[in-house]
Amino acid sequence: MKKIKINSSLCVGCGRCEVFCTANHSASRDIYKAYTLEGLRGTNRIHLLEGNDGYAVQCRQCKHTPCVFACISGSMHVDPSSGAVINDTKKCVGCWSCIAACPNGCVFPYHEKDGTKYALKCDLCLSADGEPACVKACPNGALTLVEV
Amino acid sequence: MSISFQMPRYEVLRREDRCVKCRVCERQCANLVHRYDADLDKMIADEMQCVNCQRCVVMCPTRAIAIRRYPLEYRENANWTERAIVEIQRQAEGGGVLLSGMGSPDDKPVYWDHMMLNASQVTNPSIDPLREPMETSVMLGCKPDSVTLGADGSVKTKLPPQVRLSMPVMFSAMSFGSISLNAQKSMAIAAKKLGITFNTGEGGLHRDLEEYKDAAVVQVASGRFGVHTDYLSAGCMIEIKIGQGAKPGIGGHLPGRKVNADVSVTRMIPEGTDAISPAPHHDIYSIEDLRQLIFSLKEATEYKKPVCVKIAAVHNVAAIASGIVRAGADVIAIDGFRGGTGAAPTRFRDNVGIPVELALAAVDSRLRKEGIRQRVSLICCGSIRNSADIVKAVAIGADACYIASSALIAMGCHMCGTCFTGKCNWGIATQDERLTRRLNPEIASERLVNLLSAWNHEIMEMLGGMGLNSIEALRGNRLMLRGIGLNQKELDVLGIAHAGE
Amino acid sequence: MLYNEGRAHLPNGCAISGIIDTSGGLFSGSDIIESIALMHERSNGLGGGFAAYGIYPDHPDEYAIHVFYDDLKAQENVEAFLEKHFLIMLSERIPTRKNANIVRSPIIWRYFAQPLRNRVAVSGYDEEEYVARCVIHVNNDFDGAFVFSSGINMGAFKGVGYPEDIGEFYMLDNYHGYSWTAHGRFPTNTPGWWGGAHPFTLLDFSIVHNGEISSYDANRRYIEMYDYHCSLMTDTEVMTYLADMILRRHALPIHMLPKIFAAPMWEEIARMDDKSREEYETLRAVYAGALINGPFSIILGFNGGFMALNDRLKLRSMVTAKAGSKVYVASEESAIRRIEKNLDEIWTPRGGEPVIALVDENADIGRRRRVL
């Protein structure tokens, strides 16, 4: 089972991970279209801590999955084939229980323009293309995909 | 209060059809050029601060940025160029000596580009490096003129201490202080992997690099920063830096803002003070003083390490080199006027010294004429940009080449030339922790290994093309070179014929 | 005519052959002529030559100095010099027979001379160094003259033409020696010059060579550091000077010469035992300037034997054979079988592997060079 690890001494605080995460979860897979046409600004599942020169926060794929236990709708689940913790945003009702339960602060609330709301978290780019986009985009090797 | 005449040198071109206001450029620019303005909901640039380091260009996720020369179009004047005018303006405002980083950008002849190599055809076969062994390894050090035999008929002579290199390239001196520890570490890792050496420069050897000390050339410069007995014995060779090509006649210069705690400990100087090395070594005022220093160093290291003397290429370099050989040096490094630097007075960088191609030719010929060429190995430096430059340098007479700017470029340097500000956005010429972390030694050392492995292959290909399978057979083999677009005097100094002859 | 050769480095395509009787028995030059004649197609008629050892038993202590002169004035000048430095016992034209294919020959002369003892003493050199210096001086500084042989009890015979014609011309069938080497040349640049043909000689060292060395200028600039001057700009000249320095001045044994000229690769040296590895490494480091790159196939002759050697990549052909006390070396097997049908062994040496044939210790062949 895999997870994304951050080596904070290598993080240069650029924020490219956020941009590529957003684009990789878009329909167009194009950065410009994702931000402007699709309006996906803020849907990144990895967050750079502002004012800090080297830390990006993303899901740690906890073995004891507190978010799954907290979930009232069953949208937050462990994907049977990959073993990753994923939130099914179609089922999610936006109660934010998972956000409260997460010990690492890496689940984020998202409101669409029409009022729909759901929790966003890293899904190891399983719903997108191959290698996690943030790992590929990191210029300094601070983010790596590791076996747990 | 009056107004400054200084205008920006570069402008930032931002494509609005690409920029998504992600602010990566803002976070990455140490010169604070980019800013997100919430009122305008736009990224804006203060181009006055831009030094054209290209960090934002490379980091932008959508490649929305390009840096262009600021269109400061003074009336055309071949004599009063924009640069000539701007430099006067700066001095009129600041009253200081102009300082520059990296090697001279002036439009003076690059002789490497005027020499062409031979290839074997018909009368002599070229050799295929993919199918035949091709030897590029080199031994630097003093060699005797002949061998003596023992009673059993075998060779009795023992070679004096040598530095063994897997290829004729070494990383040149760049001090810890002028560059970051991560940058030096990257070169140390790469040197060890490749079987070559890196050089401490005049900043001493940081304790974190001790595991790489067998690949280190330790430098003793005029400021004697970081020099103690363990330091001398640590490396595989000791280098006495008399001068460097970028600023012949003056010593090294590390601005105080780059002297942090770590640099202070390694150099053995107070934090925050400018580290300005004296112009001469104050114990070398004549050639015999150099002989005394060379032998002091040899005594201190029990004659186990070869001693190199690095000089800048100046007018009487051949005579100086001859003197250095007779003073007991095992290796001589000749640094041409194009050599790079972290900080040098602009006037010295651009106007003092001569091209290394000519200096190397003159020194090699002079030492052979005096019959003392075997006593030293020659290292050539002062802008070696690619493997062809190395092959040509060896053909003129060098044993090996030092590279510095090439190595920095491989690690991320984009030649903006503002090293002395300590705000290197690539984490190379800075001690600021927020910037030095940008240079990951694992990644940077791999880039260096890639670069030099590629160059080694290219050298083998060129050797094979000339019908050679060993680099010794190329050393001083000037018939392998022909000049193009050179006058007779230049050809004579280089000791080569013109193409067509 | 004399400076054609010195302006540019010329390539050499060609043929070589060598025969030695290790018992010291003397045989005529007709064998070697027949051998080299078979390889006619390898030459283009612009140069041929021979080195013969043991041919002047009546002059056991005199240097046989063979010279080409363009004209009588050149001869006068050189003879004046020689008379000041040597005691000339005999001075004569080298006898030749007319050959339709050999034209425009220079004046070809030989002197049997002994160095003047007092001049040798005053010079500070030993006898051989003295003679070598005199020869080099004549070749560099006297216009219109070229000393092409200067050893004791040996001689080189060469010129412009096919080697079999040259052999005929010099009447080599009338000479008897224990060792013969021959060369046919295929120069691609100049019309060929008598002095430029092979072998090149200095004292009793002679080299015939097939190939073109890529390391030429590196070798030349190395040897010129030690008071040799390469005026001909040919491969044989530089190789002969290297052999002279290493074997005579530095007194190294003959088996070390191939370790220098055709040193093994570093990979191979790394696999050797400690003692050998250190020896090979030291030789390669000290004599880096004498490493010869590029195709070569040489026979180095000297008083008492010869050594044949190929470059370490074996880019030129060379075959060796034995029959009784005779050893044969040639560019082609047919050239050996032509003159000796019953061979005890025949083989092809590997690149860098020398064939060293020495005359037996107790054979009486006059002055011998100590090479072991």
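1. Chains B and C meet in a contact that takes 36 residues from chain B and 32 residues from chain C. By class, the chain B side of this contact holds 14 nonpolar, 14 polar and eight charged residues. Two pairs of chains are in contact, and of these chains B and C share the most contacts. The model is a predicted one, and the points below should be read with that in mind.

2. Chain A meets chain B through 17 of its residues, against 16 residues from chain B. On the chain A side, α1 (16–24) and α2 (31–35) each supply at least two residues. The class count for that side of chain A is nine nonpolar, six polar and two charged residues. Chain A and chain C, by contrast, do not touch, and their nearest C-alpha atoms are 37 Å apart.

3. Within chain A, the assignment gives two parts: domain 1 (1–58 + 122–143) and domain 2 (67–119). The C-alpha centres of the two domains of chain A lie 18 Å apart. Their contact takes 10 residues from domain 1 of chain A and 10 residues from domain 2 of chain A. On the domain 1 side, those residues divide into five nonpolar, four polar and one charged.

4. Chain C contains 12 helices and 18 strands. Its radius of gyration is 19 Å, close to the 21 Å that the globule rule gives for 372 residues, so chain C is as compact as a globular protein of that length. Along the principal axes, the C-alpha atoms of chain C fill a box of roughly 60 × 50 × 45 Å.

5. Two further figures describe the packing of chain C. Buried residues make up 56% of its 372 residues. Of the contacts in chain C with a separation of 6 or more, 78% are between residues 24 or more positions apart.

6. In chain B, helix α3(B) can be checked for length. Its 13 residues should span 18 Å at 1.5 Å a residue, and its end C-alpha atoms are 18 Å apart, which agrees. Just after α3(B) comes Gly95(B), which takes a positive phi of about 70 degrees. Gly95(B) lies in the loop that runs between α3 (82–94) and β5 (99–100) of chain B.

7. Is Gly95(B) buried or exposed? Gly95(B) has 7 other C-beta atoms within 10 Å, and a residue with 12 or fewer counts as exposed, so Gly95(B) is exposed. For a position elsewhere in chain B, Ser180(B) is 85 residues from Gly95(B) along the chain, and the C-alpha atoms of the two are separated by 30 Å.

8. Chain B also has an open sheet of three strands, in the order β6-β20-β21, with mixed pairing. The edge strands are β6 (115–117) and β21 (497–498) of chain B, each of which pairs on one side only. Strand β6(B) pairs with β20 (residues 481–483) of chain B in the antiparallel sense, over three bridges. Within that pairing, Met115(B) has Gly483(B) in β20(B) as its bridge partner.

Key. Residues are numbered from 1 along each chain as its sequence is written. Chains are lettered from A and ligands numbered from 1 in the order in which they are written. This is a predicted model: local features need pLDDT of at least 70, side-chain atom pairs count only at pLDDT 80 or more; totals for chains, interfaces and linings use all residues. Domain bounds come from an automatic or database domain assignment. Two residues are in contact if their C-beta atoms, placed from the backbone, lie within 7 Å. Ala, Val, Leu, Ile, Met, Phe, Trp, Tyr, Cys and Pro count as nonpolar, Asp, Glu, Lys and Arg as charged, and the others, Gly among them, as polar. Helices (H or I, at least four residues) and strands (E, at least two) are DSSP runs, numbered from the N terminus. The radius of gyration is taken over C-alpha atoms; the globule rule is 2.2 Å times the number of residues to the power 0.38. A residue is buried if 20 or more other C-beta atoms lie within 10 Å of its own, exposed if 12 or fewer, and partly exposed in between; C-beta atoms are placed from the backbone. The expected span of a helix is 1.5 Å times one less than its number of residues. Two strands pair if DSSP finds at least two bridges between them.
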